[in-house]
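The structure is shown first.

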Amino acid sequence: MNWSRAKTILIILFLALDVFLLCTLMQTRSVSMKIPEDIIQKTTHILQTNNIEIKPSTIPVVRGINRNIIMKNYFEEPELKASLMLTQTMESVLFDAEHHEYKFQNEKAVLHIKGTEFSYYLKTPSHTTTAPENTHSKNVVEVIQNLLYDLGFEKKSFELKLVSVDDGLYTCEAVPLYQSQKVYGMHMHITATLDEIVNLSGTWFEAKATEEFTDEKLLDVTTVLLDLMYTPEFAGIQIEKIELGYLAIEEYLSSREISAIPVYCIKHSENQVYYADARTGELLS
Amino acid sequence: MRKEVGKNILLVCSVLIAFFLVYRIWFGGYFLPEGHDYITSGVKKLFAPLQHVFEGDDESDFSHNLSVLLRPEKVIVNRVTERRVFNYGTQAYEQSEGFASFLFGDFISGNFRVLNRETIDLETYTLVLRGKSIYADYGKNCDFHLLSSSVCGYEQNDTFPELDVINGYIIGQNEANAELFYVYVMNQTDGHIYRYLVEAEDAIEWAQMDTLVQSKQAQSTSSYSFELNFHKQQENQETKLIFAPTVLIDLIPQEVMTAEGYALADAEGEQLYPYEDHILNQFSINTHSIWKYTDLNNTRVFVENNATLTMRSDGYIEYQTVQGGRGLPIYNKDNNKNDYTVYQAVADAVDFVYGLMEETMPELYDDLQIGGDLVDSSDRQGRFTIYFDYCLHGVPVLHSTESSQAHTIEMVIENGYLLSYKQYVRQYELSDISVSLRPLINAADTLVDSLYTGDSPLDIQKISMNYVETEQGLLPCWNVLVNGENRIIQ
């Protein structure tokens, strides 16, 4: 028997098998990570026939990961965060660990932390100047992002939205991000000029860890949407945006550590926002 | 030659890659969502009947656990001139309780022949305590079926229809015949006292009890209240309080060690409970679908649609079903939920506590005792509150709350569903400091000052020493059951 030839044949066979298996694996992975196009088309059709307006492009096709985000109060270590926001020149004015109240200041600004709420403000706000008319809101957001970065907030950890402009003062809202996905239920109010943050307040948590549940997949957004047919609030409305994110419940924001669960954030034409639990489909608000 | 080696390596690699890719496709969650578990759980199901045959039944038998968790508070060995009180948790207690429960167990299980049964009066009953006898005092009213299950290992239904609720028993020595002995039981429901003359299979070795009494140096200074005439109203003077006849009264102040408690949990914060997963599992809390948070005081809270589980950093855990919720099913499949009795409730409670604690917190489980009455007296049909007390060297520990004192475990069960569960997961150590426990008579005077209104005398049914955990540590106190209510007196 010619063993050498037999080995060559086996090598060719196994390499071909490897290529085939690899393709199969890639394909199954790709299919499992995305909702098939025909399902999306059918879902939109069913919704439309049931008086809910939605475009196929509104439905996110990528399936999310079933995980909780464990989030820690940003000011868990108040002195550390104060030194980031007020630099090394800061001094402690109030340090009441029992009642979780702290106050730090430097020559320019004050940071007050009470429970999980905080406020940062300038002692004497600088003279505000009217912003140039041609300033693009995207540029403003970038500038304020940089100002927040200077105060110790990682750029990738939040998303900023410009709310209003008044006499050179920009009012923005920030929500936390985890791997580019929003964490709803908490936000930070920001008032700033193009030179400095004038006021910053709210409740802020940062992601500390995740709990992944690989054995259980999230419901497809199409399944959740089909359930909406039986929800009276959605009768006759148009769904404008759907995003997969995480939700932290407001009443738990006075805690040291919270968990945010995966949700589909559904915005409809009347500017109402609904959160549907991505595991059960239950509407949470 | 080199070429052949190269071919061999390539062949082996391509085969290994093929295996790896097949493994990924099969177990990567695309074809089998549960991965390995899908296969292993199937195999386990397949072999479960065989496993049952070879390994037998689960060892966590309710009767066994009940015999550990429901035992007399104290055993009093009465000889003619001497008396010894052995409290739960001592070696002498084990000996005397073992002796008494052996006789009582064989009596109620029918192994010994009952020669005669008669009803006697209270005076005759109390006189037995002056003679050669052993009094096993449970310190609480118990459903007779439960007590029989704890003593002889199974529920005794038909042999003693006259007994519903008892709080202890007396074994009386028959000096004329060593094979005969008496059992005295008071049925608490109707107050009838029964005396049974029982024939044992062999001569009873009462000498064991004589040796036990003689081996203890200090003679008990306690007297039964009937011996001091404190059990009835005085004829010529105002009587402000009456003691139940079998209440033991020690007129001499006792020195008692204080103790300190600490949470079993890690107070550092990162992992509050090493047993968190086990606890969540026992309460059937699905970690996939709960809201959880840790408050500023490091209390972990798990919120489900139907219930909330709270774990405080001081070791207190609380499970509470939402108002109107059905609760967590903990009933045994064999139980009839439509006619849910105290027996079934206790069986379910004991099994639940065993499941929760035995593997993860055996150091606490081993010192638990069922506290509080175990009778069908609930206002709501099928609803029972079961208490467990942690005993530090035999002394139950209560926990000071804002309004009163709490038991170590408090469970509310309704028709087999757990509505609420509260537990202090804490450990205790005796300190070097001893304090003088005030004389019992002084404590009784305090009660008179605060409760006596002049109408009728206070009725003291029970007095026992407890530790009460406060912010200052564990303090020894008197726990007095007066007019049906428990009062703590330091």
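## Salt bridges and helix packing

The side chains of Glu94(B) and Arg71(B) form a salt bridge, with 2.8 Å from N to O. A salt bridge here is a side-chain nitrogen of Lys or Arg within 4 Å of a carboxyl oxygen of Asp or Glu. This pair links distant parts of the chain, 23 residues apart: Glu94(B) lies in helix 4 of chain B, and Arg71(B) in the loop between helix 3 (62-69) and strand 1 (74-78) of chain B. Helices (H or I, at least four residues) and strands (E, at least two) are DSSP runs, numbered from the N terminus. Over all chains the count comes to 28 salt bridges.

The model is predicted, so local features need pLDDT of at least 70 and side-chain atom pairs pLDDT 80 or more, while totals for chains, interfaces and linings use all residues. Residues are numbered from 1 along each chain as its sequence is written, chains are lettered from A and ligands numbered from 1 in the order in which they are written, and side-chain values use heavy atoms, with hydrogens and water left out.

Axes are lines fitted to C-alpha atoms, for helices over the stretch in contact, and angles run from 0 to 180 degrees between N-to-C directions.

| Helix pair | Angle | Axis distance |
|---|---|---|
| Helix 4 (residues 91-108) and helix 7 (residues 207-215) of chain B | roughly 160 degrees | within 11 Å |
| Helix 6 (residues 144-152) and helix 9 (residues 342-357) of chain B | about 45 degrees | 8 Å |

Helix 4 of chain B, which carries Glu94(B), is therefore roughly antiparallel to helix 7 of chain B. Angles under 35 degrees count as roughly parallel, over 145 as roughly antiparallel, 65 to 115 as roughly perpendicular and the rest as oblique. In helix 4 of chain B, Ala92(B), Gln95(B), Ser96(B) and Phe99(B) meet Gln208(B), Met209(B) and Leu212(B) of helix 7 of chain B; contact means heavy atoms within 4.5 Å.

Helix 6 of chain B and helix 9 of chain B are therefore oblique to each other. Their contact is made by His145(B), Leu146(B) and Ser149(B) of helix 6 of chain B with Val342(B), Tyr343(B) and Val346(B) of helix 9 of chain B.

Between the chains, the contact takes 34 residues from chain B and 41 residues from chain A. The rule finds three salt bridges across the interface of chain B and chain A. Glu4(B) and Lys7(A) meet through their side chains in a salt bridge of 3.1 Å, N to O.
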